[in-house]
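User: I am new to reading protein models. Could you take me through one, a question at a time?

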Amino acid sequence: AQYRQWWRAPIEPDDGPVLATEDPRWQVFLDEPALAAAHEYFTLGGLAVSRSGRHLAWSADTTGGERFTLTITDLNDNSTVDVPIEGTLGNPVWSADGEHLFYVVVNDNWRPYEVRRHRLGTPSTDDVVVYTEPADSFFVGIDETQCESYILITSGDHVTSEVRFLAADEPAATPTLIAERRDGHEYDVDHREGEFFVRSNREHKNFALYRVAANQPDEANWQVVLPGSEQRYLLGHLCFKNHLITSERLAGLDQVGIRNYADDEMHYVAFPEATYSADWGANAQHDTAHLRLGYDSMVTPDTVFDYDVVERRLTTLKVKEIPGGYDLSQYASERLHATARDGTQVPVSVVYKRGFVKNGQALLYLYGYGAYGH
């Protein structure tokens, strides 16, 4: 189909990774093809299930105007709870008790500018404004930490950011600011066992990683975990219960780092090729030893791996099917370096059909790309 179906089943010890649609334990909890059939245009926006598993919050745009209507569904009987909310954007976030839903609304200029809190069973006119962003250049978003202990309210433009947080089990609390915005300072946070881990460019353009107590998150209290480096560009971090995961770029190549909190022992995931793109995918659990990764290269189609961070082993879960009989074994790729005029070693990824004779006579198609950090 042109749209997805979303399925779920209870977790049981003998469950395998394969979705068996004839298994009665599996049920469709959101049917995009059915929803799209009633409209000439349909795009799913946000999607979030309450922790109890009973309520689904989802949004859709049926006009192409990029303004999404937020609907809450009771999954016990597929009924709609409360009146749908217009003019939203992004993924909503549930409170721990499943009684409150946080969402972002847009203004007339399509700027996501405000976070509101909806309580189940009440009209949206009673929804509480949690945060309003006054700066016209700043966009607002919401998220939750990997451990689901905190709800995050983010605000920023292309070069400056600001983060507030509130406990997921205290939905009516006033959000706490971590570090006040200043031009050019970008940071983002995750949480583990009473501490925030903060990725920030305050001391180095390639970002450093800090830790700070959640009850004293002021910037003056930040302690360095990973210092900034000319060799390492820190792209992101993820806090599992027992392992700190980092997304990095070393010499222009994606790397995924695994670190222990206690002794800082670390290693990088060993990927099967010399040149590739890799990053983590959807990792819903906090207390886990398995990291979901996305991977592809100039010869390998989009691939989903699970990585055992203890045994240091990759398991292939899915490889994108390429129509037309593509045979990966017929192609090869290498990572070379070219010396620029100033002596800089510039990494170059090369792909070719196996059997190609490297005699310097063949034509080469060369391209480069330099936006969005690539």
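User: Which residue meets Glu219 in a salt bridge?

Analyst: This is a predicted model, where local features need pLDDT of at least 70, side-chain atom pairs count only at pLDDT 80 or more, and totals for chains, interfaces and linings use all residues. Residues are numbered from 1 along each chain as its sequence is written, and side-chain values use heavy atoms, with hydrogens and water left out. A salt bridge is a side-chain nitrogen of Lys or Arg within 4 Å of a carboxyl oxygen of Asp or Glu. At 2.7 Å, N to O, the side chain that meets Glu219 is that of Arg182.

User: How many residues apart are Glu219 and Arg182?

Analyst: Strands (E, at least two residues) are DSSP runs, numbered from the N terminus. Glu219 sits in the loop between β16 (208-213) and β17, and Arg182 in the loop between β13 (176-177) and β14 (187-192). The pair links distant parts of the chain, and the separation is 37 residues.

User: Is Glu219 buried or exposed?

Analyst: Buried means under 20% relative accessible area, exposed over 50%, and partly exposed in between (1.4 Å probe, protein chains only). Arg182 has 36%, so Arg182 counts as partly exposed. Glu219 has 16%, so Glu219 is buried.

User: Which residue forms a salt bridge with Arg249?

Analyst: The structure holds 19 salt bridges. In this one, both partners are buried. The closest N and O atoms are 3.5 Å apart, and the partner of Arg249 is Asp254.

User: What is the relative accessibility of Glu162?

Analyst: Glu162 meets Arg164 in a salt bridge, 2.9 Å from N to O. Arg164 counts as buried because its relative accessibility is 17%. Glu162 is also buried, at 3%.

User: Which residues are joined with Glu162 into one network?

Analyst: Salt bridges can share partners, and here they do. Glu162 is joined in this way with Glu133, Arg164 and Arg181.

User: How far does the side chain of Ser229 lie from the backbone nitrogen of Arg232?

Analyst: Ser229 lies in the loop between β17 (223-226) and β18 (232-239). Ser229 counts as buried because its relative accessibility is 15%. A polar atom of its side chain lies 3.0 Å from the backbone nitrogen of Gln231. The side chain of Ser229 also reaches the backbone nitrogen of Arg232, at 3.3 Å.

User: Which residues gather with Asp97 in a patch of negative charge?

Analyst: Asp97 is found in the loop between β6 (79-94) and β7 (100-106). Its relative accessible area is 45%, so Asp97 is partly exposed. Patches are made of residues with over 30% relative accessible area and no salt bridge: like charges are joined within 9 Å, nonpolar side chains (Val, Leu, Ile, Met, Phe, Trp, Tyr) within 5 Å. On the surface, Asp97 gathers with Glu99, Asp169 and Glu170.

User: What is the area of the nonpolar patch that includes Met298?

Analyst: Met298 lies in the loop between β23 (290-296) and β24 (303-308). Met298 is partly exposed because its relative accessible area is 37%. Accessible areas come from the Shrake-Rupley method with a 1.4 Å probe; for residues, only the protein chains shown count as cover. With Val351, Tyr365 and Tyr367, Met298 makes a patch of about 490 Å².

User: How far apart in space are Gly355 and Tyr331?

Analyst: Gly355 is found in the segment after β27 (345-353). Gly355 counts as exposed because its relative accessibility is 69%. Gly355 and Tyr331 are 24 residues apart in sequence, and in space, C-alpha to C-alpha, they are apart by 8.9 Å.

Technical notes: Lys, Arg positive; Asp, Glu negative; His and termini not counted. Charge placed at Lys NZ, Arg CZ, Asp CG, Glu CD. Helix = DSSP H or I, 4+ residues; strand = E, 2+ residues; numbered from the N terminus. Polar contact = N/O pair within 3.5 Å; in protein donor to acceptor, adjacent residues only side chain to side chain.
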